[in-house]
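Please open the structure in your viewer and keep the selection panel at hand, as each stop below begins with something to select.

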Amino acid sequence: MLDSESHEMNTHDMKTTPAAQLDRLDAKLEVWKREIPALDVPTEGIVERIQTLARYFDRSMDDTLAEFGLDRRAYWLIGNLRYAGPPYRRSPGQLGEAMHLSSGAMTARLDRLEEAGLIRRLPDPSDRRGALIEPTEAGHAAWERCTGAQAQREALTASALSEDEKEHLHGLLRRLMRAFPPEYETMKKHHPDHED
């Protein structure tokens, strides 16, 4: 719990921020400060803003995917293949492990993407019963167009900050991420994209 002196210090920046720069979240935090006097307002503001920005970027990504006729499942799977580097091939088991999918869910996803002409299955030369997955030319092109468009959207948003501010914010967010236990990084994400 915070004492009154530290609480006054925590809310100093909000009090000195010009009214024109305050937003709806600041108004909400003022209410919660009234209801919970010991609340660490700056910390709550940071958490709320990160969560809100995550939702905004998710919505922006959804808009971009819709524009290019992709869904998140296809986008992340092709992206996982691209991350592997040339020749952009991985086994279904490797993809399933990387994307936290069961073998059945991965098979169903691969079937849909193959039917859509975005990936192809190739014989695995090191395993006669196995297969390797690679993007088709259409899969590469769709992923690249979508990624390029989304990068432009994100750059436009980030242009609200100077180059120095972006570097500084990047460093601060890195420090916050490192404050979490290491196991958080490897935990399965609870997201509908990881279900089939």
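Predicted model: local features only at pLDDT ≥ 70, side-chain atom pairs only at ≥ 80, totals over all residues.

A residue is called partly exposed when its relative accessible area lies between the buried class, under 20%, and the exposed class, over 50%. Select residues 1–11 next, where pLDDT stays under 50 and the model has 13 contacts beyond four places in sequence.

Then turn to the salt bridges, of which the structure holds 14. Begin with D111 and R121, whose side chains meet at 2.9 Å, N to O; this pair links helix α7 (residues 103–115), which holds D111, to strand β1 (residues 119–124), which holds R121. D111 counts as partly exposed because its relative accessibility is 39%, and R121, at 29%, falls in the partly exposed class as well.

Select E134 and R89 next, which form a salt bridge at 2.7 Å, N to O. E134 lies in strand β2 and R89 in the loop between α5 and α6, so the pair ties together parts that are 45 residues apart in sequence. E134 is buried at 10% relative accessibility, whereas R89 is partly exposed at 39%.

Salt bridges with shared partners join R89, R120, E134 and E137 into one network.

Finally, select I46, I50, L161, L169, L172, L173 and L176, which make a nonpolar surface patch of about 520 Å². Helix α9 gives the most to this patch, with four residues.

Key:
Residues numbered from 1 in each chain as written. Heavy atoms only, no water. Patch = residues over 30% accessible without salt bridge, like charges linked within 9 Å, V, L, I, M, F, W, Y side chains within 5 Å. Areas by Shrake-Rupley, 256 points an atom, 1.4 Å probe, with all protein chains shown as cover. Salt bridge = Lys/Arg side-chain N within 4 Å of Asp/Glu carboxyl O. Helix = DSSP H or I, 4+ residues; strand = E, 2+ residues; numbered from the N terminus. pLDDT = per-residue confidence, 0-100. Contact = heavy atoms within 4.5 Å. Buried < 20%, exposed > 50% of the residue type's maximum accessible area, 1.4 Å probe, protein only.
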